[in-house]
Amino acid sequence: MIIKIAAENMGRRLDKFLFAYLNNAPHSFIYKMLRKKRIKLNGARAEGNELLQDGDELRFFLSDETLAGCRKERHFAEAKPLDGIIFEDEDFLVVNKPAGLPSQGGETVRKNDHLLARVLYYLQETGAFAHNADFTPALCNRLDVNTSGLVVCGKNIHALQKMNAFFANREIKKEYLAIVHGIAGEIGESKTLENFYRKDEKSNKAYVEKTGTSVITTNISVLAVSDNYSLLSVSPITGRSHQIRVHLASINHPLVGDKKYGGKQTSFASSQLLHCFKLRLPDGTEWEAPPPKSIELLFQKKGRK
């Protein structure tokens with residue numbers, strides 16, 4: 001059998017394409033077929049690391065029965081409704097993730113009880129995902145389970161690669177809203193935090209240290225103060241795990257509700273009050289996500305002492 005590569009798969013690694021196209025076959029089987037020249041690219045032996053081009057030909061020297069067994073339609077399991085859609089077009093889906101919902105699955109997450117499961121089921125039910133597609137939509141960024149706000153999903157391979165590159169190259173400007181303990185400064189006051197960073201993967205906890213090799217940088221501005229709390233605008237320049245949480249704790253202003261980094265629960269916060277409020281792309285496109293009520297209460301007092 002021969003298939004031609006469409007423009008939408010241009011620039012995709014051959015092995016990644018084959019994993020999706022032969023989605024019911026073990027990766028080891030696919031590499032074995034490449035080594036045995038049972039799968040050829042443009043009539044020549046392929047290794048799997050080639051970047052596909054529009055119009056490339058893939059030839060499979062496999063029986064129809066074997067090919068049929070290597071492919072199956074994908075049907076995503078029913079998930080809870082997807083709420084909080086901020087933006088959607090043919091390339092991207094942008095969602096306001098609620099606090100308490102994991103971005104994606106893991107060992108401690110119940111099956112389909114996460115944002116990605118809701119996104120995939122939504123795309124399937126709205127017809128944006130075809131069951132025989134050779135690409136599965138994916139999240140371009142992730143937030144901690146108890147952080148709310150903007151999460152972007154790439155609906156096709158080129159959109160995903162483009163957005164992933166923006167995030168990886170720090171070309172996207174991010175703004176978070178955070179409520180912290182204590183008075184962090186005068187309204188309008190800004191400062192830049194820069195420290196060495198270390199993450200203990202075993203305890204899943206980050207540390208700010210005096211020496212090291214990895215540096216984190218975070219800009220903060222005071223938007224409002226009320227009682228013994230401050231509402232901050234936080235812009236992480238680097239993008240390390242738990243960066244905002246550990247940086248705020250390091251200046252003795254931990255996030256309200258963030259028990260891991262010294263914050264305390266209150267009557268209006270059972271988990272950390274951190275919200276990814278705004279994402280700005282290099283072309284000027286900007287997405288904003290309304291903050292949850294727990295943050296909105298203080299956000300309405302912006303500019304007041």
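A salt bridge is a side-chain nitrogen of Lys or Arg within 4 Å of a carboxyl oxygen of Asp or Glu. Welcome to this predicted model, which holds ten salt bridges.

- Asp15 and Arg13 join their side chains in a salt bridge, with 2.6 Å from N to O.
- Asp15 counts as buried because its relative accessibility is 2%, under the 20% cut-off.
- Arg13, at 35% relative accessibility, is partly exposed.

**The pair Asp258 and Arg245**
- A salt bridge also brings together the side chains of Asp258 and Arg245, at 2.8 Å from N to O.
- Arg245 sits in helix 6 (243-250) and Asp258 in the loop between that helix and strand 14 (274-280), so the pair ties together parts that are 13 residues apart in sequence.
- Asp258 is buried at 3% relative accessibility, and Arg245 is buried at 9%.

**A network of salt bridges**
- Glu286 and Arg280 meet through their side chains in a salt bridge of 3.0 Å, N to O.
- Glu286 is partly exposed at 36% relative accessible area, and Arg280 is partly exposed at 35% relative accessibility.
- Both residues belong to a salt-bridge network that links Glu175, Lys278, Arg280, Glu286 and Glu288.

**A stop at Asn146**
- Asn146 lies in the loop between strand 7 (138-139) and strand 8 (148-154).
- With 28% relative accessibility, Asn146 is partly exposed.
- Beyond its neighbours within four places in sequence, Asn146 contacts Ala99, Gly100, Ser271, Gln272 and Leu274.
- Asn164 is 18 residues from Asn146 in sequence, and their C-alpha atoms are 23 Å apart in space.

Key: Residues numbered from 1 in each chain as written. Predicted model: local features only at pLDDT ≥ 70, side-chain atom pairs only at ≥ 80, totals over all residues. Heavy atoms only, no water. Helix = DSSP H or I, 4+ residues; strand = E, 2+ residues; numbered from the N terminus. Buried < 20%, exposed > 50% of the residue type's maximum accessible area, 1.4 Å probe, protein only. Contact = heavy atoms within 4.5 Å.
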